[in-house]
Amino acid sequence: MVEHTINATNAVVTMDVALPGIIWGWMITLNMWAKSIGTGVVLIGAFLLYRHKKEDMPSLRWTMPLISFIALNVFLLFTLVDLHQPLRMINIFLHPHWTSAITVGAWMATIFTGLITVMMVISGFDAFPDFRRHCEVAKTVRGNSDVYEKIFPFTVFLAIPVTLYTAVIMAESSARELWQAPTELMQMLLAAFMAGSATLIFISDSWSKEVRKDLALVLAMSVFFSFMMYMGEYFFSFKAAEAEATLAFVHSGGEYNIQFWMAMSLGFIVPFFLATANIKNDNKTLLRFAAILALIGLYLAKDVWLKIPQLLPLS
Amino acid sequence: MKLGFLVDLNLCMGCKGCEVACKVENEVPLSSWRLRVKYIDMGTFPDASRHFTPLRCNHCENAPCERICPVSALHYLENGIVNVDSERCIACAGCMMACPYGAIYMDPETNTADKCTYCAHRIESGMMPACVVACPVEANIFGDIEDDNSHISRYIMEHQGGVQVRKPEKHTDPKHFYVGGGNQTLNPLAHKRIEGYGLFNNITHLDHVGDPHHSILDRFLAPFASHGASDNKSFIDFKQTTDDNSTKDESHEDKGGH
């Protein structure tokens, strides 16, 4: 065909340097995944406390900040380890550059982790009154137990920008057209709902049936909306040349195609049906299985979406 | 003063003299490039032609790398150069994710981000960038684009309508211009990459960011550990070392690690 023999369609690179491969890899995926858990349990915990009596979820007051604290420290650890100069992390606080979402996010995440730590310490001492009963510090903490309730609203409020700021970093990554701010913001929020509800399901054994129904509902809704957004992005993001080129590569059976569909099936489709079924019938085992799949699927999906735009040559 | 760069692709003959001069002047480690010349073949035999495109940092007026840098390691100089302070860089690679031109690399010796600075140290001493001096056909034109009488300004005026920048749709306002370029030479999506396009090897993608031997633990210990002279030996055959069992017994220092 003549169109295959004209210059316009036959440009080939015959010599060039080796291009960078994946720059942000699994550590950033783990970072995002852990942050979704850390903020998600607070957001979903707040929702449950708003909807139900505290007596329906007796352990929530101390398990919520504890889980969040662990997840946030995993997130912070891998943020640090991913830096090639981790000891210079201090420069973010000594020389902050406020146009960078990395800077704003680091400050917010630090404050958020501080608040969560305070909540964890207070609720821990309250939950275990015999622990260090005669210790002066413990007495002081127990005496200021109401601080927990005072800082909780601020913590919930701060959990929203902390979970969203990674989407702004992705939006500021101008070289990766696949990451569009509106969709990434929603995906981050839905990831937090997904991870938060899935994680709380694991500790909901002793909670009331109604609470577990709510957790199943949140999980089902968040995986459904997140799945729909991924489908929309995966099949119809064709208005940006570089996004189209990225997806065309994956569509053609390229790298990460299998991982993407595994993530969609295991992490979104199956948990949706399991969680939906659980809204009617309280089956703790199935709900826990849905939660495990959702957390695995979320990691796989985030990993694919992080890596595929980095496969594109930029120059 | 606002410094800009213009490359006349009609003059460039792909000698790579600028590439080598840049490497030598800035001691750019192996596997990394501040400036590279890409060869693109177009057409079919007998109507085939080869085109050369030098690629370097565009020193954008609205630089995404400067915006995303959390510690202002990437910053503007008064003359418009987007400079990098490797002493402050935390090496988060945010700039590498933000630069639409792929012009930033992680230096495998310092493990910090680096890129073309238009040879800011030479400019400061009243000299031209090394690549400009080395070009045998004066295809690289460098100067003050705010000065109407500078060589670059006059060149731009003489070639009105034919002056292009890469990816104008990104609104980065690059200060690096091309004359004689086309979509196939300036748009990376308009040409195909066939595996094995390298000159001396068939490595098309690096499998590491920064120093491949810089483990997670090394990242924390590097400031306290003594550094042997880094001679880049590990990068000469970085692909082969993974296959060659005889190299397994080498010490970490021998491999060029920190």
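**Helix packing and the chain interface**

Guide: In this predicted model, the axes of helix α10 (residues 257-280) of chain A and helix α11 (residues 284-307) of chain A approach within 8 Å and cross at roughly 150 degrees. In general, a pair of packed helices is described by the angle between their axes and the distance between the axes.

Visitor: How are α10(A) and α11(A) oriented to each other, parallel or antiparallel?

Guide: Angles over 145 degrees count as roughly antiparallel; α10(A) and α11(A) are therefore roughly antiparallel to each other. Their crossing is left-handed. The residues of the contact between α10(A) and α11(A) comprise 21 nonpolar, 4 polar and 1 charged.

Visitor: Let us turn to the interface. How many residues of chain A are in contact with chain B?

Guide: The size of an interface is often given as the accessible area lost when the parts come together. Here the description is by residues: 44 of chain A are in contact with 60 of chain B. On the side of chain A that touches chain B, two or more residues each come from β1 (11-15), β2 (19-20), α3 (91-94), α4 (101-127) and α9 (241-251) of chain A. β1(A) gives the most, with 5 residues. By class, this side of chain A has 23 nonpolar, 16 polar and 5 charged residues.

Visitor: Which strand of chain B is joined to β1(A), and in what direction do the two run?

Guide: Strand β2 (residues 36-42) of chain B is joined to β1(A) by 4 bridges, and the two strands run antiparallel. Within β2(B), B:Tyr39 stands opposite A:Met15.

Terms used:
Residues are numbered from 1 along each chain as its sequence is written. Chains are lettered from A and ligands numbered from 1 in the order in which they are written. This is a predicted model: local features need pLDDT of at least 70, side-chain atom pairs count only at pLDDT 80 or more; totals for chains, interfaces and linings use all residues. Two residues are in contact if their C-beta atoms, placed from the backbone, lie within 7 Å. Ala, Val, Leu, Ile, Met, Phe, Trp, Tyr, Cys and Pro count as nonpolar, Asp, Glu, Lys and Arg as charged, and the others, Gly among them, as polar. Two strands pair if DSSP finds at least two bridges between them. Axes are lines fitted to C-alpha atoms, for helices over the stretch in contact, and angles run from 0 to 180 degrees between N-to-C directions. Angles under 35 degrees count as roughly parallel, over 145 as roughly antiparallel, 65 to 115 as roughly perpendicular and the rest as oblique. A crossing is left-handed if the near helix is turned anticlockwise from the far one by less than a right angle, and right-handed if clockwise.
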